[in-house]
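We will go from one stop to the next together.

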Amino acid sequence: MGDFREFLTERIIETNDLAAKNFETYPDVAADIINVLIYEGLQRINKDSLLASPTETVYQGRENLRNQLEDVARYEMHDGRVTMQYLFANQTRRDSKMIFRKAGYVGSAYREQYDGKVKDVYPVVEIVLYWGEGSWKQNRSIYEMFQSRNYPGKVLSYIDDLKLHVFEMRKLPKEIRNLFQSDMRIVVDYLAEGNGYRSDQKVVHKEALIKLLRTLSGEKNVEDTLECLQKMGVKEEDEITVCELFDQYTRQGRQEGIKEGIKEGIKEGIQALIVTCKELGADFDKTEDKVKQRFHLSDADAAENMRLYW
């Protein structure tokens, strides 16, 4: 049972991280994240100045070469040259050794520059977007990881103090949330305010937004998001506000629930009729005919229900 719970937890984490990654790959969202979280609200980055960069790097494992994947990677371009690289790592679960993963990601990016795989030389900035419920109390630097070991101060001065820049996305202060201009504003406000959240902000990336909010609310299977939007008659190019989209989504959910309730009620009614007829000694064929007529079933459906409940 424990193995199954662990497997289920991993699947939920994977779903959350993939939904966040999909949402953040939109250039306007990526630029917004950089401007707000790194440049503190200054509109320094334009979405058109960002270029997708490789998210995969390779390193030597114990026996074979292995790959590591960063969630989102973007070059900042000016006059055809790379001036900066930004990396986003999405985390749903706290990780006390995350600082080592950062060393791998950032180190690989610099190694590519050293090996001449890219023509420019530029700094690399990585931020961690933490979507978990609890506070991030894990190590945020190399120094923090080793501070309890009482190394001599002179030795510590020779250790490169790599730092982890973690943003707790569910707990961003209102003054920071207000700086977002993309759909990310909707996400962080919804996480902070819950069901009481209301906004007239226009939604740009409807499917990606709803999919991310569903995963962050604990839903395991969100692959039907596009189908749900289609049933609502909502297209990606439509102009629609947050409240309008949420209201339609909620109403569609209620309608689906009513339909499922009706189906469940019919199923229970069929079962009750068959069981009652059998207990009263009714004939099998007559009972099947009665079920077929009362619930307007086909011969095949009536036969299947008799097989299940007789």
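This is a predicted model: local features need pLDDT of at least 70, side-chain atom pairs count only at pLDDT 80 or more; totals for chains, interfaces and linings use all residues.

Beyond its neighbours within four places in sequence, tryptophan 131 is in contact with Ala20, Glu24, Asn90, Gln91, Met169, Arg170, Met184, Val187, Leu191 and Leu216.

Now widen the view to the largest nonpolar core, which has 45 residues. Trp131 belongs to the group that touches the most other members, along with Leu37, Met169, Met184 and Val187. Nonpolar side chains tend to be buried together in soluble globular proteins.

Next stop: aromatic rings. The structure holds four aromatic pairs. Select tyrosine 130 and tryptophan 136: their ring centres are 5.3 Å apart and their planes meet at 75°, so this pair is edge-to-face. Both tyrosine 130 and tryptophan 136 are buried. Then pick tyrosine 190 and tyrosine 197, another edge-to-face pair, with 6.4 Å from centre to centre and 75° between the planes. Tyrosine 197 is buried, at a relative accessible area of 3%.

Finish at helix α12, residues 299–309. Which of its residues are buried? Select Ala302, Asn305, Met306 and Tyr309. These four cover an arc of only 100° around the axis, which means that they sit on the same side of α12. Turn to the other side of α12 and you will find Ala300 and Arg307 exposed.

Conventions: Residues are numbered from 1 along each chain as its sequence is written. Side-chain values use heavy atoms; hydrogens and water are left out. Rings of Phe, Tyr and Trp (its six-membered ring) pair if their centres lie within 6.5 Å; planes under 30 degrees apart count as stacked, over 60 as edge-to-face and the rest as tilted. Buried means under 20% relative accessible area, exposed over 50%, partly exposed in between (1.4 Å probe, protein chains only). A nonpolar core is a set of buried Ala, Val, Leu, Ile, Met, Phe, Trp, Tyr and Cys residues joined through side-chain atoms within 4.5 Å. Contact means heavy atoms within 4.5 Å. Helices (H or I, at least four residues) and strands (E, at least two) are DSSP runs, numbered from the N terminus. The arc is that of the directions from the helix axis to the C-beta atoms.
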